[in-house]
Amino acid sequence: MENFKRRHSKLINSSRLLYQEYSDVVLNKAIQSQKRVDSFSEDTESSFPSSPRLRRKVIPQQDSYLQRLSVSSTASLWQDIPMIRGSRMLLNMSRDEQKLQEAKFELIMSEASYLRSLNVAVDHFQRSAELQAMLTNQERQWLFSRITDVRDVSASFLFDLEEKFEEDMFTFHVCDVALKHAPEFRRVYLPYVTNQTYQEQTFQRLLNGNAGFQQVLERLESDPVCQRLSLKSFLILPFQRITRLKLLLQNILKRTRPGSEEEVQATQAYDALEKLIKDCNENVQRMKSTEELIYLSQKIEFECKIFPLISQSRRLVKCGELTALDFNTPSPKWKVTTRPIYLHLFNDCLLLSRPKEGGRFVVFDHAAFSDVRGEKCEIKLHGTNKNVFRLFLLQNYQGKRVEFLFRTETHSEKLRWISALAPPRGELDLLECPDAPQVQCIRTYKARENDELALEKADIIMVMQLSNDGWMEGVKLSDRERGWFPKEHVEYISSKQARQKNLKEEQRVKNAKQHVFCKK
């Protein structure tokens, strides 16, 4: 902490943008870069000048080091630093070497912007005497969690990055610094992200039930230091940053020379962040699942064989009310009768219930997940009986084989149930799907159901299937996460060459990990 107070970042105020806006600018550039399919080549990234001789701005020599370092508030490029621009070393660098340095410089500049936003979150919001007076000690803990620790770790990380940069502006490294700080990232980010559920619930409860909190918050958010951004946008920054940091390291890794020491450091740092994010997600999912199971256990009763619902390893995959179709076979016209059945699909079992008033359920059948199958139905039915699929219980709680015919309201719901009921899939080999469609996220999507895929701007997704009512199932190339999302949040990547490049870059990361960790 003494070190934190003693040192001052030279970059933190180099841009007036807070991280929320800075990140948006960078991601929009990444989207535009991917869209430039007609001129697809090694220099598709629009953020880079096509030649070292292209200049964005002439800066007077009397300007301070700080002013000379940051060329503009929206896009600070390594090549625009006067010491770099026009230098013989830059002219002698290959295009790939220039791109690598730009990728590393982006990590530094984005961390500076992130720390600036964290300072607002801590100094303006958390330490506001007015706001503190509105909160109990428990509410303060749940709302702000360990954001001060997150800020201090970011400050220490940025200081070390700046030192590396100042030692050698032409060939500076950042991945070794990220690897060194990885244990500290884990120490502060894991509890902060795990607290997410309590943070969201506390914020919503205060907003809806505490008029004083709402009034104070409005005054604080109207202060110019916030740049019209809400407290909530500051509180979610650590979730966003840790994921973005992993992608920045991944981008550097893709550009390192295979077999180099820098590739090893980039791979190790990327792997450490990937494991941290996985642990964060598992912690959040575990807490969410436990709460769901406790709530459901109070709403469910069994008319068949009872088994304990709450289990540490159990999680809800999908649930919803469907219409069961029963055929009256003695009738010459195959009269169809319907009845509502509610399905609760967990990772280890399926419950079939009759819905009752007050959101309660009576379970009449259940089966292990391994004994459940969902299949498309080829029977052609007239009228409203479309979007039909078959559900097979190969062995229910009585040891019997049972079959159901279900109708869903939409085509996407039918496909989503069939996908959710499918046996567990192994990891997808991306190179085996060279012709699969790819899309790019142009608008953030927050998953609302357990089978949906959360998307951030510029994410690249391989499309596995598409419904006729505007939903897609896909796999994110960056982390192999699979799920459903609305197609209005994405755009197709039409260039085959661009799609192949995306696949090769992801394979490059996979190969580097195998090379580094298989040697040990």
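Predicted model: local features only at pLDDT ≥ 70, side-chain atom pairs only at ≥ 80, totals over all residues.
In soluble globular proteins, nonpolar side chains tend to be buried together. In the present model, the largest nonpolar core comprises 79 residues. Trp 78, Leu 107, Phe 125, Phe 144 and Leu 249 have the most contacts inside this core. The greatest contribution comes from helix 5 (residues 95-126), which supplies 14 residues. Another core, of 22 residues, lies apart from the largest one and includes Ile 341, Leu 350, Phe 389 and Phe 404.

Helix 5 is mostly covered, with 27 of its 32 residues buried. The length of helix 5 agrees with expectation, because 32 residues at 1.5 Å a residue should span 46 Å and the end C-alpha atoms are 45 Å apart. Phe 125, which belongs to the residues with the most contacts inside the largest core, touches Val 120, Leu 131, Phe 144, Leu 217, Leu 220, Glu 221, Cys 226, Leu 231 and Phe 234 when residues up to four places away in sequence are not counted.

Strands of a sheet pair through backbone hydrogen bonds, either parallel or antiparallel. Here, five strands form an open sheet in the order 12-11-10-9-13, and the pairing is antiparallel. Strand 12 (482-486) and strand 13 (490-492) are the edge strands, each pairing on one side only. From one strand to the next, the twist averages 45°. Strand 9 (residues 438-441) is joined to strand 13 by three bridges, and Val 439 has Tyr 492 in strand 13 as its bridge partner. Helix 2 (residues 19-35) lies across strand 9, strand 10 (460-466) and strand 13, and runs at about 155° to strand 9.

A pair of aromatic rings is described by the distance of the centres and the angle of the planes. The model contains 13 aromatic pairs. One of these, Phe 165 with Phe 172, is edge-to-face, at 5.0 Å centre to centre and 85° between the planes. Phe 165 counts as buried because its relative accessibility is 2%, and Phe 172 counts as buried at 1%. Ring pairs also link Phe 105 with Phe 165 and Phe 172 into a cluster.

The rings of Tyr 445 and Trp 471 have centres 6.4 Å apart and planes at 80°, and the pair is therefore edge-to-face. This pair links distant parts of the chain, 26 residues apart: Tyr 445 lies in the loop between strand 9 and strand 10, and Trp 471 in strand 11 (residues 471-476). Tyr 445 is buried, with a relative accessible area of 5%. Trp 471, at 18%, is also buried, because the cut-off is under 20%.

Technical notes. Residues numbered from 1 in each chain as written. Heavy atoms only, no water. Core = buried A, V, L, I, M, F, W, Y, C linked by side-chain atoms within 4.5 Å. Buried < 20%, exposed > 50% of the residue type's maximum accessible area, 1.4 Å probe, protein only. Helix = DSSP H or I, 4+ residues; strand = E, 2+ residues; numbered from the N terminus. Contact = heavy atoms within 4.5 Å. Expected span 1.5 Å × (residues − 1). Pairing = 2+ DSSP bridges. Axes fitted to C-alpha atoms, helices over the stretch in contact; angles between N-to-C directions. Phe/Tyr/Trp six-rings, centres within 6.5 Å; stacked < 30°, edge-to-face > 60°.
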